[in-house]
Amino acid sequence: MTLLNTETIAAISTPFGSAGIGKIRMSGPEAITIAASLFKSVKKEKDLREAASYTAHYGYIVDSKSGKEADEVICIIMKGPHSFTGEDVVELDCHGGMVPLQRVLDILLQNGARLAEPGEFSKRAFLNGRIDLAQAEGIMEVINSKTEKGLDVALNQLGGKLSSQVGLLKDKVIELMAYLEAAIDFPEDEVEGFKSKELGDKLYSIKDGIKELLETSRQGKIYREGIKTVIVGKPNVGKSSLLNTLLEEKRAIVTDVPGTTRDIIEEFINIKGIPLKIIDTAGIRKTEDLVEKIGVKKAEETLKKADLILMMIDISQGLTEVDLMIYQLIKEKPLIVIVNKTDLPAKVNFSKLRKEFTGHPLLEISIKEDQGLNELKEAIIDEVLDEELKSDEEVFITRTRHKNALEHSLQAIKRVIKTYQEKLPYDFFTIDLRDCLIGLSDITGETLADDIIDRIFKDFCLGK
């Protein structure tokens, strides 16, 4: 495990930009001493080194070189080990805006603190045993959550629900290992433990528990990353109008002139807690316009990376060769065919359309008349989820690292079960059981190598 750095670190913890308040966080053995040397109380002289933990103090940070007041602040003291990092922590609530925040941070750095690396506060919390690795990753899940349901999933992880379920599985594995190793070490003694069927039941219970967690990974990934949903069709079928309607704002330019959309437009929307990254593309057609050609090429490249495609057809134009050409490009992808402008006279009947697009949902809508949009949202959910949305209280696997660790453990426990079925000696069980335990422990960070842990925290925000 990486040794804890004994330096005192500091960083701005709020985003860039103007705001009422900006926060600077400082953590380490000299955090309170540094703050005390720079803080001037408004009402009377105070020594922050003597202040009680979890107290707030109003005053100014003073530049030690010039003696000038740098900013008016609220100084909050949190003494270790009962702080987020497990160390002494000082938080300074300054005026928002980068100039005052940077000025105060520079003063702290000039007086003994070091600029924190990305994720270093969370890393210290992990190394000090305040949180495990899965909970630490839950911090970034909370920060990056795109919907309320995604936030609930992230908060469950931060609160330790995933760690708790993994911990129960680890306990079962350790219990089996202890029994088997005792039986191996003392073969002549009667070791109180499991009968053969009980041993099998426990092995299957571990396997089922790992599989149940793994089965949440697809939905968990959707909550975390969203669904990349591409709107495609020939020019003037209503792609940009659909984007604006789903966003409930005029994000894309809508005109009667074909080829208005030249570039990719991306926005997130929330449908029943599922974040959809909606992408409006240029209308696909043959064109001599150089800029439009580039837009069409980008649209075709975007289609290859889509999780879901919404193909739009204008029923007032009928089914054209361009529509069929587009369909050939995307028919193997998850797809919903949207028949728009049903408020206008139709130039093609629906029986022909259903025959042409067999195997894909076919929906009639009129964006102008606000018809069929709720049905479209339901169809999107049905298309991206294989099952009903689970409760907010459920634990979900949202990160690829966790999924890979569980798959590692699952393969290991399957090898143990095969050994059990073949009635081999207990010596053959222990290596694979230990391998299963390593995979589970990787999730919470007990067995991960230092360089991997360092890499995980480098993906965090500066100041978190």
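Start by selecting Asn236, which sits in the loop between E8 and helix H9 (239–247). Keep in mind as you look that this is a predicted model. Check the backbone here: phi of Asn236 is near 65°, a positive value in a residue that isn't glycine. Is Asn236 buried, partly exposed or exposed? With a relative accessible area of 25%, Asn236 counts as partly exposed.

**Next stop: the sheet beside that loop**

Select strand E8 (residues 227–232) together with strand E11 (residues 308–314). These two run parallel, and four bridges join them. For one of those pairings, click Thr229: its bridge partner in E11 is Leu308.

Now widen the selection. Six strands form an open sheet here, in the order E9-E10-E8-E11-E12-E13, and the pairing is mixed. Which strands stand at the edges? They are strand E9 (265–271) and strand E13 (362–364); each has a single partner strand, so one side of each is left without a neighbour in the sheet. Turn the view to look across the strands: from one strand to the next, the twist averages 25°.

Select helix H14 (residues 400–421) and helix H15 (427–444). In the loop that links them, click Lys423. Lys423 is another residue to check for its backbone: its phi is positive, about 55°, although it is not a glycine. Lys423 is exposed, with a relative accessible area of 75%.

Back to the helices themselves. Two packed helices are described by the angle between their axes and the distance between the axes. What are those values for H14 and H15? They pack at an angle of about 165°, and their axes are 8 Å apart. An angle over 145 degrees counts as roughly antiparallel, so H14 is roughly antiparallel to H15. The crossing of H14 and H15 is left-handed.

Show the side chains where the pair meets. On the H14 side, the contact includes Arg401, His402, Ala405, Leu406 and Tyr420. On the H15 side, look for Phe428, Phe429, Asp432, Leu433 and Ile443, among others. Colour the residues of this contact by type and you'll find twelve nonpolar, five polar and five charged.

While you're here, pick Gln411, which is found in H14. Gln411 is partly exposed, with a relative accessible area of 42%.

Select helix H3 (residues 120–127) and helix H16 (residues 450–458). Their packing angle is about 140°, with the axes 9 Å apart. H3 and H16 are therefore oblique to each other. Their crossing is right-handed. Which residues meet here? From H3 come Ser122, Lys123 and Phe126, and from H16 come Ile453, Asp454 and Phe457. The residues of this contact divide into three nonpolar, one polar and two charged.

**A covered helix**

Jump to helix H1 (residues 31–38), which is mostly covered: six of its eight residues are buried. Select the buried ones, Ala31, Ile32, Ile34, Ala35, Ala36 and Leu38. What covers them? The cover includes strand E2 (21–27), strand E3 (39–41), strand E4 (55–62), strand E5 (69–78), strand E6 (89–95) and helix H2 (98–110).

From that cover, follow the loop between E5 and E6 until you reach Pro81. Select Gly80 as well: a cis peptide bond joins Gly80 and Pro81, and omega is about 5°.

**Last stop: zoom out**

Clear your selections and look at the whole chain. How many helices and strands does the chain have? There are 16 helices and 13 strands. Of the 464 residues of the chain, 48% count as buried. Finally, take the contacts in the chain with a separation of 6 or more: residues 24 or more positions apart account for 68% of them.

Conventions. Residues are numbered from 1 along each chain as its sequence is written. This is a predicted model: local features need pLDDT of at least 70, side-chain atom pairs count only at pLDDT 80 or more; totals for chains, interfaces and linings use all residues. Side-chain values use heavy atoms; hydrogens and water are left out. Axes are lines fitted to C-alpha atoms, for helices over the stretch in contact, and angles run from 0 to 180 degrees between N-to-C directions. Angles under 35 degrees count as roughly parallel, over 145 as roughly antiparallel, 65 to 115 as roughly perpendicular and the rest as oblique. A crossing is left-handed if the near helix is turned anticlockwise from the far one by less than a right angle, and right-handed if clockwise. Contact means heavy atoms within 4.5 Å. Ala, Val, Leu, Ile, Met, Phe, Trp, Tyr, Cys and Pro count as nonpolar, Asp, Glu, Lys and Arg as charged, and the others, Gly among them, as polar. Buried means under 20% relative accessible area, exposed over 50%, partly exposed in between (1.4 Å probe, protein chains only). Two strands pair if DSSP finds at least two bridges between them.
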